[in-house]
Amino acid sequence: MLELTDAVVSFSSPGGPVVRAVDGVSLTLPAGSFVVVIGTNGSGKSTLLGSIAGTVRLDGGSLRLAGHDITRWREHQRAKLVGRVFQDPRAGTASSLTVLENIAVAACRGRHAGLRWATGRQLREEAARRLAAIVPGLETRLDQPIGSLSGGQRQIVTLVMATWQRPELLLLDEHTAALDPAAADRVIQATARIIREQGLTALMVTHSLAQAAALGDRLLLIHRGRIALDVQGAAKRRLTADDLADRFDALRRGDQLDDAAARTLAEAYV
Ligand SMILES: Nc1ncnc2c1ncn2[C@@H]1O[C@H](COP(=O)(O)OP(=O)(O)OP(=O)(O)O)[C@@H](O)[C@H]1O
Ligand SMILES: [Mg+2]
């Protein structure tokens with residue numbers, strides 16, 4: 001369970017205005033929730049995820065995860081509970097290490113065992129099993145540098161690493177945005193499967209309304225640092241990309257979304 005209460009993150013640039021990138025967000029995610037987050041560029045999605053991962057400091061509010069008050073925990077402490085996959089396939093992995101060595105690093109996270117133990121036979125077998133279950137054939141690449149994989153394959157390995165120790169929370173920040181449509185689709189299928197099979201609690205940012213409609217059990221629209229739309233339960237299960245366009249229009253008419261944002265969001269319908 002994740003509980004964010006009155007979270008605020010402000011940025012100020014010299015001489016510029018103060019931007020409230022996260023503007024008083026309260027959010028409770030029961031364990032096992034799969035939440036899709038959408039919003040226009042600069043609406044505060046990454047800052048919200050960063051404030052949960054600990055890369056961005058909260059200026060106000062509090063954060064609880066799995067029974068711990070983690071508001072003042074540093075990023076590396078939170079990493080024991082939080083798995084992350086970013087937009088850039090190169091982020092979160094070491095290019096010069098092999099696929100297996102990268103997985104070994106993830107398997108050792110938060111433990112005191114050395115890398116040598118972790119690259120043993122048991123780990124090799126488990127890594128091969130988990131990769132083959134998602135992309136048959138990927139297990140044959142274990143001893144190659146991770147930098148030799150395609151972007152999509154690398155994101156799948158990063159996903160396997162991020163979920164190796166079953167995190168309390170999985171954060172995905174546009175993790176398919178840098179991929180071609182076919183690779184993005186494979187990574188999305190793998191993501192949905194891992195989240196389902198492990199029963200993970202996950203927050204996934206996407207610019208694809210098709211993904212937003214089809215995936216997850218809850219949808220949040222972030223606008224100017226606030227939750228402008230929160231669809232869950234039966235309403236989320238029934239939601240189509242067309243319904244979403246109608247919802248944006250209703251928000252625009254109610255002055256909760258400006259014209260430009262409503263147009264940009266509707267255009268993301270792919
Ligand atoms: N480190 C920072 N310093 C100053 N301003 C920042 C910083 N990080 C984010 N911002 C500002 O905070 C606001 C929210 O940015 P954020 O990156 O969270 O948006 P986003 O919704 O993830 O956008 P995108 O869809 O482009 O990834 C923007 O106005 C951005 O310019
Ligand atoms: Mg972002």
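Analyst: The shell around ligand 1 draws at least two residues from each of two elements, β2 (18–29) and α1 (45–53). This is a predicted model, in which local features need pLDDT of at least 70 and side-chain atom pairs count only at pLDDT 80 or more, while totals for chains, interfaces and linings use all residues. Residues are numbered from 1 along each chain as its sequence is written, and chains are lettered from A and ligands numbered from 1 in the order in which they are written. The names of the elements come from DSSP runs, where a helix (H or I) has at least four residues and a strand (E) at least two, numbered from the N terminus.

The residues that surround ligand 1 are Phe-11, Val-19, Ala-21, Gly-39, Asn-41, Gly-42, Ser-43, Gly-44, Lys-45, Ser-46 and Thr-47; a residue counts as near the ligand if its C-beta atom, placed from the backbone, lies within 6 Å of it. Of this shell, α1 gives the largest share, 3 residues. Sorted by class, the shell holds 3 nonpolar, 7 polar and 1 charged residues, where Ala, Val, Leu, Ile, Met, Phe, Trp, Tyr, Cys and Pro count as nonpolar, Asp, Glu, Lys and Arg as charged, and the others, Gly among them, as polar.

Both elements lead on to a sheet. Helix α1 lies across β1, β2 and β4, running at about 65° to β2; here two residues are in contact if their C-beta atoms, placed from the backbone, lie within 7 Å, and angles run from 0 to 180 degrees between N-to-C directions of axes, which are lines fitted to C-alpha atoms, for helices over the stretch in contact. The sheet with β2 is open and has 4 strands in the order β2-β1-β4-β5, with antiparallel pairing. Its edges are β2 and β5 (68–69), and each has a single partner strand, so one side of each is left without a neighbour in the sheet. Strands pair if DSSP finds at least two bridges between them.

Strand β1 (residues 2–12) is joined to β2 by 9 bridges, and the two run antiparallel; Glu-3, for instance, has Thr-28 in β2 as its bridge partner. The hairpin of β1 and β2 has 5 residues between the strands, and in it Gly-15 takes a positive phi near 80°. Elsewhere in this sheet, 2 bridges join β4 (residues 60–65) to β5, again in antiparallel fashion, and the partner of Arg-64 in β5 is Asp-69.

The helix also reaches a second sheet, for α1 lies across β3, β6, β7 (169–173), β8 and β9 (218–223), running at about 150° to β7. That open sheet consists of 6 strands in the order β6-β7-β8-β3-β9-β10, and its pairing is mixed. At its edges stand β6 (82–85) and β10 (226–232), each with a single partner strand, so that one side of each has no neighbour in the sheet. From one strand to the next, the twist averages 15°. Within it, β3 (residues 34–38) and β8 (residues 202–205) run parallel and are joined by 4 bridges, with Val-35 standing opposite Leu-203 in β8.
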